[in-house]
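Good morning, and thank you for making the time.

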Amino acid sequence: MDETIDGLIDAVIEREGGYVDHPADRGGPTRWGITESVARTHGWRGSMRQFPRDEAVAIYRRLYWYRPGLEAVAARAPRLAAELFDTGVNMGPPVAAGFLQRALNALNRGATDYPDLTLDGRIGPATLAAIDAFLATRRAVGEAVLLKAIDALQGERYIALAERRPANEAFLYGWLAQRIGEPA
């Protein structure tokens, strides 16, 4: 599993690039895709221009993979875990988990396949049991359909962000090209 997360982290860092301080980005200065506030919360006190890549890797691993429980998802559905990781990096792990829970609830055929989940933005035993039941019922194609549902929710959120705050239009094309489905 470490090989999986290592590859996912490398892909995020490659996409996010080095130091960025875009005037329209409310997150402020970032390096390797880690915002200054996240870096500070995790002990970094220096300039973001010098924020080390290995610190970013450690934060991605701890905050965006292990803390939300994506290793348990990866054991069941690796592509789903990869999508939730990427979504969590961009929108926050609770948002990614919320998308998963909403999609699972909408796909459970009126709670006949498994009970509706509480939308708490956490991947716990109930969410994992719902993933298991969904995949057992829907088989191999189920993971692909679940990914489409999560991508749809994510895409809608990006468009809503751009509609609510026109400065976010600077990022919308890249979000849709790089974060929804296969990267363009």
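The largest cavity holds about 40 Å³ of space. A cavity here is a set of points, on a 1 Å grid over the protein atoms alone, where a 1.4 Å probe fits but cannot get out; grid points are joined across faces, edges and corners, and a volume is the space filled by probe spheres set on the points. By this rule there is 1 cavity of 30 Å³ or more. Please bear in mind that this is a predicted model, in which local features need pLDDT of at least 70, side-chain atom pairs count only at pLDDT 80 or more, and totals for chains, interfaces and linings use all residues. Residues are numbered from 1 along each chain as its sequence is written, and side-chain values use heavy atoms, with hydrogens and water left out.

What lines the largest cavity? Its lining residues, which have an atom within 4 Å of a point, are Tyr 64, Pro 68, Leu 70, Leu 84, Pro 93, Ala 96, Ala 97 and Ile 123. Helix H6 (residues 93-106) gives the most to this lining, with 3 residues; helices (H or I, at least four residues) and strands (E, at least two) are DSSP runs, numbered from the N terminus. By class, the lining has 8 nonpolar, no polar and no charged residues, where Ala, Val, Leu, Ile, Met, Phe, Trp, Tyr, Cys and Pro count as nonpolar, Asp, Glu, Lys and Arg as charged, and the others, Gly among them, as polar.

I turn now to the largest pocket, with about 950 Å³ of space. A pocket is an open set with protein on both sides within 12 Å along at least five of seven lines. Of its 30 lining residues, Glu 16, Asp 25, Val 89, Asn 90 and Trp 175 lie nearest its centre. H8 provides the largest share of the lining, 5 residues. By class, this lining has 12 nonpolar, 11 polar and 7 charged residues.

Next, the core. Tyr 60 touches, among others, Ile 9, Trp 32, Ile 34, Phe 85 and Val 89, not counting residues up to four places away in sequence; contact means heavy atoms within 4.5 Å.

Finally, two residues. Arg 179 is found in helix H8 (residues 169-179), and Gln 154 in helix H7 (residues 125-164). Are they buried or exposed? Arg 179 is buried, with a relative accessible area of 4%, and Gln 154 is buried as well, at 0%; buried means under 20% relative accessible area, exposed over 50%, and partly exposed in between (1.4 Å probe, protein chains only). Leaving out residues up to four places away in sequence, the contacts of Arg 179 include Glu 16, Glu 83, Asp 86, Asp 151 and Gln 154. With the same exclusion, Gln 154 touches Glu 83, Thr 87, Met 91, Phe 99, Arg 179 and Ile 180. Gln 154 and Trp 32 are 122 residues apart in sequence and 22 Å apart in space, C-alpha to C-alpha. Thank you.
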